Amino acid sequence: MNAVVSARGLSKRYKNAAALDSASFEIQPGRIVGLIGPNGAGKTTALKAILGLTDFQGELNVLGLDPRKQRGKLMEQVCFIADVAVLPRWIRVSEAVDFVANTHPRFDRKKCEAFLARTKLTPNLRVKQMSKGMIVQLHLALVMAIDARLLVLDEPTLGLDILYRKQFYQSLLEDYFDENKTIIVTTHQVEEVEHILTDLMFIRDGKIVLDADMDAVGERFTEVMVSAERAAEVRALKPMDERQVFGKSIFLFDGAARAQLEALGEVRRPSVSDLFVATMKGTYA
Amino acid sequence: MKTFYWLVKREFWEHRGGFLWAPVITGGVFLLLNLMGIVAGEVLGNFNAHSDFIGNNMGLLNRALSDNDATRIGVGLDFVMLSTSMFTSIVLGFVVFFYFLGALYDDRRDRSLLFWKSLPLSDTATVLSKVVAGTVLAPAIAVVCGVLTGIGMLLLFAITLSFHGVSLWHLLTYAHPFRVTANLIGAIPLYALWALPSAGWLLLCSAWARSKPFLWAAVLPVAVGMVLAWFKLMSGRIFDGGWYWHDVFARALLSVFPGTWLGQRNFVEAGGGPEHTLDFLNLGNAYSVMATPSFWIGAVAGLALLAAAIWLRRWRDDT
């Protein structure tokens, strides 16, 4: 099957800095891709380019369309939730459903109403009367009722409490995602998306510095915990990162021989957040 | 077409306050003030004394009471009916002015733009739906409110007069409510075309400004006028400043106010006396503005400004 998104040499300069610096990547259908990077790394710019919201240099193909020129057609197949609270404050639940039902050809009203029935949202409620969590529930109900091929989520759970955050990703997985759909998500709350991602992309200074599926990440990166007296021995193997926990040292390796490390200490798969911290070391320095 | 209908409906939902409640409340307040004036007049026995209180309606009523000339009473009543529409028209002008100024700016500021842009809506349809909402829907609602208030006012006056021995139904036949209504409704297409340069300019500023669209919309034309005036001062006669203020400045900012197409010229042509007021305001007279080249140049310039606004809407993001 063809890639859902394929980018080659994607660049975008703002006045003083490069937001995207010749980034190239491909996203296959049926994946959940986490685009993770520090603030100002170019995540949002990349998403905006995919959504046709900004101009850029280079080649970009989304679902076989050029987002710069065929945006109207593209948006029938693509949905996005950019941040919480971008729903207009004046709109009522019933108005939002009516409007999307009558302007989006792939919207399923029954589905949307079923999702809304599970929440406390009532038809006459206005967005300005809702809490952040409720706004996201409404937005998610609207988006999940659209049979789109690509869903883009830009910090969708920012500022929500843990109950809403868990519910958000759970609904996405249980009621929305299938092998014909693709989800791209950016977030700083890496721990929460870690277990649902199939692919991981790290972006730093406008460049893709890591692009792998989760299985490959598990094979490539290893973490080993050793006692203090053996630390020097491990350090000689050139780990990419080192930290101390309760008098023990934890080392992170990229592509080291697993057997060799197992002889030294307890070996495990690193968490995405530890990997992220190690990869992005020195970003703000 | 269905999408466009819903786009216009969305504008109505968002701006129900300005489009619907503003003219309704204006009409209501107007009726109430006149009722208060009439009550005061009945109690004190002098309508003229209250003419300052609510414009000259009470004066008209006083004249109608003392005048036996059916035509003049009829004109007076027509004028009473029109006066309500004048008030709703002025309110409409302000509503539409600020509506256009915010139409492509507010959703960028509160970032709801990102929601609208997540739907398969073209920027052209979005901008045009806003033009239609401001130049057709809003004036149509204002006319309905104005006419209903006018009829209410007419009945109020007729009932008052009937207490003074003038037959109510007789009186109503003097007035021309249908003609007045037809004039108002017929003026909507003229308004839509006339308002185009203002709609275009205000929407362009609204789509362009990163902050304070009002300053851009108002200060830029004033500054240009000042520079032109300075050149005129320096060189004598390169530019005629009057032309600029009348044909550019006023058209770009004030054409959203209904009736600004009428000038002194039209009034004189219509006869110039108070009894010709209705002729002055009638459609043929109003539409005569369409014969002037500046009307069409304005409309074309308006369309060009709209095209620029659509382009900006496509590429300006929320940052």
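1. Chain B contains 16 helices and one strand, where helices (H or I, at least four residues) and strands (E, at least two) are DSSP runs, numbered from the N terminus. This is a predicted model, in which local features need pLDDT of at least 70, side-chain atom pairs count only at pLDDT 80 or more, and totals for chains, interfaces and linings use all residues. Residues are numbered from 1 along each chain as its sequence is written, while chains are lettered from A and ligands numbered from 1 in the order in which they are written.

2. Of the 319 residues in chain B, 38% are buried. A residue is buried if 20 or more other C-beta atoms, placed from the backbone, lie within 10 Å of its own. Among the contacts in chain B with a separation of 6 or more, 77% join residues 24 or more positions apart; two residues are in contact if their C-beta atoms, placed from the backbone, lie within 7 Å.

3. Helix α16 of chain B (residues 293–315) has 23 residues. From its first C-alpha to its last, α16(B) reaches 34 Å, close to the 33 Å expected at 1.5 Å a residue; the expected span is 1.5 Å times one less than the number of residues. The buried residues of α16(B) include Gly298(B), Gly302(B), Leu305(B) and Ala309(B).

4. The contact between the chains takes 21 residues from chain A and 20 residues from chain B. On the side of chain B that touches chain A, two or more residues come from each of α1 (2–14) and α6 (113–116) of chain B. The most, six residues, are given by α1(B). That side of chain B divides into eight charged, four polar and eight nonpolar residues. Here Ala, Val, Leu, Ile, Met, Phe, Trp, Tyr, Cys and Pro count as nonpolar, Asp, Glu, Lys and Arg as charged, and the others, Gly among them, as polar.

5. In chain A, strand β6 (residues 150–154) is largely enclosed by the rest of the structure, because five of its five residues are buried. Leu150(A), Val152(A) and Asp154(A) lie on one side of β6(A), with Leu151(A) and Leu153(A) on the other, so that both faces are covered.

6. β6(A) pairs in the parallel sense with strand β5 (residues 78–82) of chain A over five bridges, and Cys79(A) has Leu151(A) as its bridge partner. Two strands pair if DSSP finds at least two bridges between them. β6(A) also pairs in the parallel sense with strand β7 (residues 182–186) of chain A over five bridges, where the bridge partner of Leu153(A) is Val185(A). Between β6(A) and β7(A) the chain passes through helix α6 (residues 162–176) of chain A in a right-handed β-α-β crossover: with the strands pointing away from the viewer, the path from the first strand over the helix to the second runs clockwise.

Definitions and conventions: Buried ≥ 20, exposed ≤ 12 C-beta atoms within 10 Å, placed from the backbone.
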